[in-house]
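Hello,

Here is the structure we talked about handing over. Please have a look at it, then read my notes below.

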Amino acid sequence: MGMAPLAIGLAQAGWVISGEDDALSLEMRGVLSSAGVKIVSLRLLVENYFPDSVVYSSAVKEGHVAREIAENLAIPLQRRGSFLAEISKSKRVIAICGSHGKSSTTAMCAQLFQESRLDADYYVGAFYQDSGKAPGKFTDASILIAEIDESDGTMLEFEPEALCILSLDWDHKDSYSSEEAYRTAFYQIAEKTKKCVWVPEHEVDSFSERLNGCVLVKPLLPKPTFSEFNSSAALQIYSEYENRSIPETYDGYPALTRRQEVVYEDCGFKVMHDYAHHPEEIHALLRSLRLSFADWRVEVYFEPHRYSRTEHLADALIQSLDEADSVCLLPIYSAGEPIKSNSSNALYANAMQRRDKMSTYLSAAELFSELREQGVQFENTLRVFVGAGNIDFLARTYGYFLEGKVRDYGQHLQLALGKDTVNLQERLSGKTTMRVGGRAEVYVEPPDRESLREVFKITRLWDAPLFFLGKGSNLIVSDSGIPACVVRLNQEEWMGMRVSEDKGLQVGAGVRLRDICKEAERHGIGGFEFMEGIPASLGGALRMNAGAMGGWMSDVIESIEVMNEEGLIEFLGKGDLNYGYRSIQELADRIALTARLRSNAQSTSMAVKARIQENMQKRKKAQPRESSAGCIFKNPEGDHAGRLIDVCGLKGFRVGDAQISEVHANF
């Protein structure tokens, strides 16, 4: 969320910006693409030109494939905050920081400066609800209004002319081991500030003592609610920075996404979601809602954010949520952190002491199923979905359901991906080598990674079964069809194939093995001849470690790019994979997107072609030509399925139009 506004602002200022994300949403891809940001993997980008710099989120940890590529190619690497600090060095920076309210206050400041026609750029780490308003602006303006981030320490790389510290509630325990360490970081950035520092009124004395007159310290006046406090802070910054009066056109708070955003309302029933994830934010949100909806029932659906934060603030989180009439707790959103069971235990054990109003759910799907059954049955009820993770997706989907836009996962997929991509009741007989079978309840050919990720998200939320179809061999589809979402990687995105200088092949999951074999022949690369007669796409062949003529997929795999069931992209090297007969363990719950294949066999085009011809002749003699499900049964250890079926006298055995082959009993 912090990277996208930066990318959009720079792209609109004329920079050439490309980027990737291991969990990019379809919606975000559209926003970035429309702003001129190209979505492309770094490892593909460097084949065409070297970027001047690679900027990464602190969520992208050391050892990530993109960071390793940049390091190996000596492309300068910078964290987002460091990069923003560097490009702001020539500007007069008004920096806005603190535990809460940074984005809102920055957005209001930017609006004030824009309406006054003051020459100022800005960077807001969130999106406006008005999609036509860019969250970042980078020109040759002399002033930059920017929120700066304390979470990863990059805040200290700025040298602001003016600084606003909105709050100092201890957070980010993974970076700050104590409250004193957290406060010290804000003292340090205040010491680097050139002109003035605004702090909450009750903090003025401590900052004045620490700064010892080097910088002017000004109080931020207390207000009843966070939104009023943020608005007041923005007005103070604007009016006191250059002694200007408030422009008459200023109409207050510019709406940001995920800040009390209403997704459904009708006759005394309202649903909204909010980004609050720290106890103080949740407390302020609920207090504000109590004022606005005094006689209403307030129900909260909360997704905790980060294991480290949840473990650190479990008691405070429960206390802040206690202001609601009822609370439903969802599993913790990790934000890239490794799982910590203690975090869940600390939160949920505390919640169970308040069973009269708090309940827990194992998944968003479980909660969503219950909400669908309830429908709209409560008057004067506010349901608010709270958290900084994926809970906004649940809230929006619930809103679609209440509006009648989606009644099932098929309609939801069509709404998200379009009816050209999602077909209902699609016949599958033409998509298998057996040429029989009924219809898929829902059939999808996703055009890109983000669409595929949306399929995972939607089917998980609706708890719908998901089935991946390759070239349709080793498969028989029932005449009664498949009550599931069937996905096929059959679009251009999945059909790429390139040969690198070291004779490695980068191949998309939808490419046929026969085409890989031909490409290897064209470049004189040996070791791929076994693929010629296997009727499979790369994705299916990887899933079952396909093999023939003495060769196996495991022989030529160097690495695989996969997507897991949470929609996260991972890269698995050869050493990460556990191979078995007709299986690769790590692909049991992941989907291969691309693979890098490489063989150490030295050869020539002529020699490869000769071996392919030899294998083709063997197949023609030993295998049937009719439509079939392929060599379908796995061989038991120490024997061959075809031999055992033959010994039973079943070659040629027939029931109706289904027959065991007279040529090879495993077909």
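Buried here means under 20% relative accessible area. Keep in mind that the model is predicted.

Helix H16 first. It covers residues 449-461. Of its 13 residues, 11 are buried, so H16 is largely enclosed by the rest of the structure.

The length of H16 checks out. At 1.5 Å a residue, its 13 residues should span 18 Å. The end C-alpha atoms are 18 Å apart, which agrees.

Both ends have a detail to inspect. At the start of H16, a side-chain oxygen of Asp448 comes to within 3.3 Å of the backbone nitrogen of Glu450. Just after H16, Asp463 has a positive phi of about 55°.

Now strand E8, residues 143-147. Here 5 of the 5 residues are buried, so E8 is largely enclosed by the rest of the structure. Ile143, Ile145 and Glu147 point one way. Leu144 and Ala146 point the other way.

Which strands pair with E8? One is E5, residues 92-97, which runs parallel to E8 and is joined to it by 5 bridges. Within that pairing, Ala95 has Ala146 as its bridge partner. Another is E6, residues 120-123, also parallel, over 4 bridges. There, Tyr122 is partnered with Ile145.

Best wishes

Terms used: Residues numbered from 1 in each chain as written. Predicted model: local features only at pLDDT ≥ 70, side-chain atom pairs only at ≥ 80, totals over all residues. Heavy atoms only, no water. Helix = DSSP H or I, 4+ residues; strand = E, 2+ residues; numbered from the N terminus. Expected span 1.5 Å × (residues − 1). Buried < 20%, exposed > 50% of the residue type's maximum accessible area, 1.4 Å probe, protein only. Polar contact = N/O pair within 3.5 Å; in protein donor to acceptor, adjacent residues only side chain to side chain. Pairing = 2+ DSSP bridges.
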